[in-house]
Amino acid sequence: MDALLKAPRWPALPGWPLAVALLAVAVVLAANSGAIPLGLADWQALLGGEQTQGAMVLAQLRLPRVAFAVVVGAALGLAGALSQGVFRNPLAEPTLLGIPSGAVCAVALMLTVLSAWAGGLPAAWRPFAVPVAALGGAWVMCGLLQGVARLLVPGAVAGLLLAGLALNALAMAVVGLCTYLATDEQLRNLTFWQLGSLALASWPVVAMLGVAVAGALVMSRRWGQGLNALALGEAVAAQVGVPVVRMRRMLVLTLAVLSGLAVAWCGLIGFIGLLAPHAARGLVGADARRVLPVAAWFGAVLLLLADTAARTVVVPAELPVGILTALFGAPVLFVLLKRAQREIGGGW
Amino acid sequence: MKRRSLLSAALLPAFVRAQPQPRIVSVGGAVTETVFALGAQGQLAGVDTTSLFPVDATKLPQVGYARTLSAEGVLALKPQLLLASGEAGPPLVLAQLRSAGVRVEVLDDQHRFDGVLARTQRIGALCGREREAAQLVARLQQDWAARPKPPAGAPPRVLFVLAHAAGQLRVAGEGTSADAMLTLAGARNALAGVQGYKPLTAEAALQAAPDVVLCTTQGLDAQGGADGLLKAPGLALTPAGRARRVASMEALLLLGFGPRLPQAVAELTDRLHGRTA
Amino acid sequence: MTHHMLLLEEALLTRHGQRFGGFDLRVDPGERVALLGPSGAGKSTLLKLMSGDIVPTSGRALLDGRPVAAMDPLQRARRRAVLPQSHQVAFGLPVELVVSLGRWAGDDGGRWVRQALSWASAGHLLGRRYDRLSGGEQARVQLARVLAQLADVERGLLLVDEPLASLDPGLQLELLDTLSRFCRERGHALVAVLHDIQQALGGFERLLLVSRGQVQADVPAGTAALPALEALFGLRLQALQVPDGGWALCARRLETAA
């Protein structure tokens, strides 16, 4: 209790070493699972620098994929926790809010209507056309939603969801238009990209996302208490001295970068951003300073589990991981909605 | 790249270049059909979701959808050769397979008969079945020469409808495999001036004014037969709709451009020109 | 020229075709001012102009000589605090965290949190989740937050916007008492929007009567204010002396329009 009252900027999270250890164990287990059977000998070979087949599969295929799942999961969990804080709503999530739809919309435009323009870009820039478009789309969508959410009272879940629904529908309408205008080749590219898969894992992308997640964690540390203040309402947060507009701008930018990068490389993977913060709140309480890093951890673990299942359930084929997260996420969301309704007292 | 050569060096024992009869993963219905036609099915380690003919192909391990292959999944089948019909992907996975020492060959037929012959020969060479390939090519050429010629007179206007999802009908313009088949069968694509597949609209259908509506058997069943299909916007009012001239053929046979191409063209020619039902 | 802590000069707000103001008034440290008026009169708007939550369309609202709305948020939070009308808090934040947010602009004063909770008679709520408290308990916690914010400040400004609605009368009086004492000890000025004329007369020295977007009267609290109050609310008021020296107010509706 005294530790909490002292209110340091970054409250000590008990059990940090345990959390890291658990994640490491999950990583090892995930790296061990897959279509090609691997064993202890392969790990030993890898660590010993020998170039056996097993060691190579670990180094070139498994570990990048597993690391990718960890950073993408952390990005999604953190983006979800940030959304919930910024919009003051425990059911907010980038997917429900339409932010990934904004990214999809931008990518659809880039792959179809603007593909001629994109083809004219210098070769060095072309691989970045889709990710940059995804980021821009996520950012624009985030800004639009913010404007609507500011008119809402905290706890008005229905209002926020409806706003997200409407913006989702708008983005999807644009995507529909692009689908209509697309050639077969473009259409196939777009459809595949949307399914939500971690197949495009590679060390450079892992590094890029790792940097983004690290930056976001720094941002979370800076603004954790500010997010707590935001839970009191924007007016009250401003009254106690929080620079609300500036903080929100930074957090929305962070959120859009995380969500946009994840969507850019992986397509639509839903529900991680919704469930990870809930799990975090269940474990460490509602203090945002604790919830943010713990949500990142839960996101990493959840996506790791989902992707491992995606890689092993229909061997030698692979399920798009977005399908798995939706399959398991939707029932859990239903349970959460029922509980939220009870707690908010039927306010919606 | 250093990484790539390390990987292939590690897997070198698994892949011997001079391997006469390599283990194969086949992606694409027509490619798989060709492998079977060459008698090389014993070399098949896995196939994709479109490999539906012959029936034995469906009993092989499934690597999934052609565009979303899994590098590890394919490697787990320990192939030396990946044969693909042009849609295999994603590119990163193909690169990973190549760097793991799997020979990846993408074989396009360009919707032409000579393309089919060339592909047959190439597959024969890759599988170590040159003799069977030469025999198959000869037989194909014979069947092709003997195929029924379309009768003299104006070619019928045909509209090909792709109808796999309920309510989502698309029609084939130029540059599609359906369009190529129509040309080979001596018919005219009613949807001229359009590239690729487009959604079906009532006005477009009426303007196209097809004499026959062509469909795949699977698609026709999904729409509930000819009656169901003709409920689509505009179709009922076209000449084909009013005369209830709806033709259908099995999807892989019709659009696959595989070893059964002469047979497919023969059947389509007969159907479209009204010689058979 | 005397410097006033809070100065409004022709502060005017036009919004949605409605005019609030121009307000001309001064508040000095230690004063206790009650804002009274019918619903929709503009009391909350006036309070927001004072707190810097709204920028006046024209005119000025100055705190310590500087425009309130333009002040740096941290500095402003060290000079004035607002107890709001609504107590909603998203998520199940614990009580001590809610109160500690009042200390955002100050040091990390854990001791002030405990102290403020005891001032608000809410010490027993430590460790509880805010969203599981009753309305009255939530009001105490919000009060504690505001007290924590200005606990180590002198001659500041405490603004209170109808926070006592739907609280039981005993609690209302208790909270007002706490506020009064707190402000007196530190020289804070207290400006409160109230609905209860009795409370206003009992606990405050100055009344600002607001109606139709204007300050209709700025009078000392006392029986002399009764005529102005009657005009404000359209009521007939009678002050009755009670045995222990206080006043009780009896209000009746006017039979005919004034």
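## A hairpin in chain C

Let's start with a turn: in this predicted model, S9(C) and S10(C) make a hairpin with two residues between them. In that turn, C:Arg212 has a positive phi of about 50°. Strands here are DSSP runs of E with at least two residues, helices are runs of H or I with at least four, and both are numbered from the N terminus.

Strand S9 covers residues 206-211 of chain C and strand S10 covers residues 214-220; the two run antiparallel, joined by six bridges. Strands count as paired if DSSP finds at least two bridges between them. Within this pair, C:Val210 sits opposite C:Val215 in S10(C).

## How to read the numbers

Residues are numbered from 1 along each chain as its sequence is written, while chains are lettered from A and ligands numbered from 1 in the order in which they are written. Because the model is predicted, local features need pLDDT of at least 70 and side-chain atom pairs count only at pLDDT 80 or more, though totals for chains, interfaces and linings use all residues.

## Which chains touch

Two pairs of chains are in contact, and chains A and C share the most contacts. Contact between two residues means that their C-beta atoms, placed from the backbone, lie within 7 Å. Chains B and C don't touch: their nearest C-alpha atoms are 41 Å apart.

Where A meets C, 30 residues of chain C are in contact with 30 residues of chain A. On the chain C side, helix H2 (73-77), strand S6 (80-83), helix H3 (95-100) and helix H4 (110-119) each supply at least two residues. That side has 17 nonpolar, eight polar and five charged residues. In this scheme Ala, Val, Leu, Ile, Met, Phe, Trp, Tyr, Cys and Pro are nonpolar, Asp, Glu, Lys and Arg are charged, and the others, Gly among them, are polar.

The contact between A and B takes 23 residues from chain A and 29 residues from chain B. On the chain A side, H4 and helix H9 (184-194) give two or more residues, with the largest share, four residues, coming from H4(A).

## The core

What is the largest nonpolar core made of? It has 277 residues, and those with the most contacts inside it are A:Val72, A:Ala75, A:Leu78, B:Leu159, C:Leu35 and C:Leu158. Helix H4 (residues 53-86) of chain A gives the most to this core, 20 residues. A nonpolar core is a set of buried Ala, Val, Leu, Ile, Met, Phe, Trp, Tyr and Cys residues joined through C-beta atoms within 7 Å; buried means that 20 or more other C-beta atoms lie within 10 Å of a residue's own.

Take A:Ala75: leaving aside neighbours within four places in sequence, its contacts are A:Leu209, A:Ala212, A:Val213, A:Leu258, A:Leu261 and A:Ala262.

## Inside chain B

Chain B has domain 1 (2-145) and domain 2 (157-272), with bounds from an automatic or database domain assignment. Their centres, taken over C-alpha atoms, are 30 Å apart. Between the two, 16 residues of domain 1 are in contact with ten of domain 2, and H2(B) supplies the largest share of the domain 1 side, five residues.

Chain B also has an open sheet of four strands in the order S2-S1-S3-S4, with parallel pairing. Strand S2 (44-47) and strand S4 (103-106) are its edges. S1 (residues 24-27) and S3 (residues 81-84) are joined by four bridges, with B:Ile24 opposite B:Leu81 in S3(B).

Methods:
A residue is buried if 20 or more other C-beta atoms lie within 10 Å of its own, exposed if 12 or fewer, and partly exposed in between; C-beta atoms are placed from the backbone.
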